[in-house]
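Good morning, and thank you for coming.

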Amino acid sequence: MPELIERGYIYIGLPPLYRLKQGKQELYLKDDNALKAYLANSAVEGAALIPASNEPPITGAALEKLLLLFASANDAVARNAHRYDPALLTALIDLPPLDVAQLEAEGDRHPSLEALQAVLNRGSLGTARYELRFEAANEHKSATLTVIRRHMGEELTNWVPMAAFESGELRPLREVALALSGLVRDGAQIVRGNKTQAVASFAQAHAWLFEEAKKGRQIQRFKGLGEMN
């Protein structure tokens with residue numbers, strides 16, 4: 001057995017996770033990222049995002065890049081939902097990225113946090129309510145975002161290190177916020193072929209385009225290696 005390993009004769013077979021079928025054509029994709037990349041590439045064919053009334057359209061590779069950035073940010077939300085509040089992470093996608101230097105310069109009042117807090121608290125009666133606080137860095141700890149969530153008489157406090165947005169696991173949220181903040185405005189539309197859909201956010205444009213890209217294609221998901229009995 002050691003000789004087989006030393007001579008490089010042992011291989012691990014990694015079966016594809018998805019099979020796509022369109023008519024008589026079949027395509028196998030290895031994982032979720034490959035599926036998203038394929039759908040993004042297909043979705044932009046004949047498509048355009050008009051970000052606001054009388055604005056030039058975003059098409060082709062530029063639109064595909066935005067779709068993939070958005071998908072990457074949502075993946076980051078899913079991966080970190082057990083550590084940080086997913087509603088907070090999702091809200092950060094559509095707002096200007098939080099900046100430590102700006103928060104420190106704002107003093108005691110933080111308009112950027114107030115905007116984020118307003119988004120989190122716009123739900124109907126009975127939904128969770130949030131309070132956000134910024135704690136500047138000192139000699140004992142780094143800069144931190146304190147998130148207080150209150151719902152049905154219960155209070156949960158969570159701390160998010162600001163460094164996570166710069167170089168840590170939440171960096172995709174900062175990258176997509178830089179690209180999407182203020183992009184979709186009044187009169188925004190997504191167009192594909194002869195179909196047009198009004199949108200109020202990039203999330204709506206992303207969902208609509210991906211659903212259009214799936215039409216006419218059968219997508220079958222196989223069990224992954226860790227899911228097999």
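Predicted model: local features only at pLDDT ≥ 70, side-chain atom pairs only at ≥ 80, totals over all residues.

**Two helices in contact**

I begin with a contact between two helices: K36, L39, A40, S42 and A43 in α2 meet L209, F210, A213 and K214 in α9. Contact here means heavy atoms within 4.5 Å. By class, this contact of α2 with α9 has six nonpolar, one polar and two charged residues. Ala, Val, Leu, Ile, Met, Phe, Trp, Tyr, Cys and Pro count as nonpolar, Asp, Glu, Lys and Arg as charged, and the others, Gly among them, as polar.

Residues are numbered from 1 along each chain as its sequence is written, and side-chain values use heavy atoms, with hydrogens and water left out.

Helices (H or I, at least four residues) and strands (E, at least two) are DSSP runs, numbered from the N terminus. The axes of α2, residues 32–43, and α9 come within 9 Å and cross at roughly 90°. The helix α2 is therefore roughly perpendicular to α9, a term used for angles of 65 to 115 degrees. These axes are lines fitted to C-alpha atoms, for helices over the stretch in contact, and the angles run from 0 to 180 degrees between N-to-C directions.

Let us turn to helix α8. Which residues of α8 are buried? They are P172, L173, R174, V176, A177 and L180. Buried means under 20% relative accessible area, exposed over 50%, and partly exposed in between, with a 1.4 Å probe and protein chains only. The buried residues of α8 pack against α3 (60–80), α4 (86–92), α7 (163–166) and α9 (202–214).

Setting aside residues up to four places away in sequence, V176 touches L69, F70, A73, I93 and S181. R174, also found in α8, is buried with a relative accessible area of 17%. With the same exclusion of residues up to four places away, R174 touches P97, L98, D99, F165 and E166. Just after α8, G182 takes a positive phi of about 75°.

R174 also brings us to the largest cavity, whose lining consists of L92, P97, L98, F165, L173, R174 and A177. A cavity is a set of points, on a 1 Å grid over the protein atoms alone, where a 1.4 Å probe fits but cannot get out, and lining residues have an atom within 4 Å of a point. The largest cavity holds about 60 Å³ of space; that volume is the space filled by probe spheres set on the points, which are joined across faces, edges and corners. Helix α8, residues 171–180, gives the largest share of the lining, three residues. The lining divides into six nonpolar, no polar and one charged.

Most residues other than glycine have a negative phi. N54, although not a glycine, has a positive phi of about 65°; it sits in the loop between β3 (47–50) and β4 (58–59). M152, likewise not a glycine, has a positive phi of about 55° and is found in the loop between β6 (144–151) and β7 (154–161). N54 counts as exposed because its relative accessibility is 82%, and M152 counts as exposed at 71%.

Terms used:
1 Å grid on protein atoms, 1.4 Å probe; cavity = no way out; pocket = protein on both sides within 12 Å on 5 of 7 lines; lining within 4 Å. Parallel < 35°, antiparallel > 145°, perpendicular 65-115°, else oblique.
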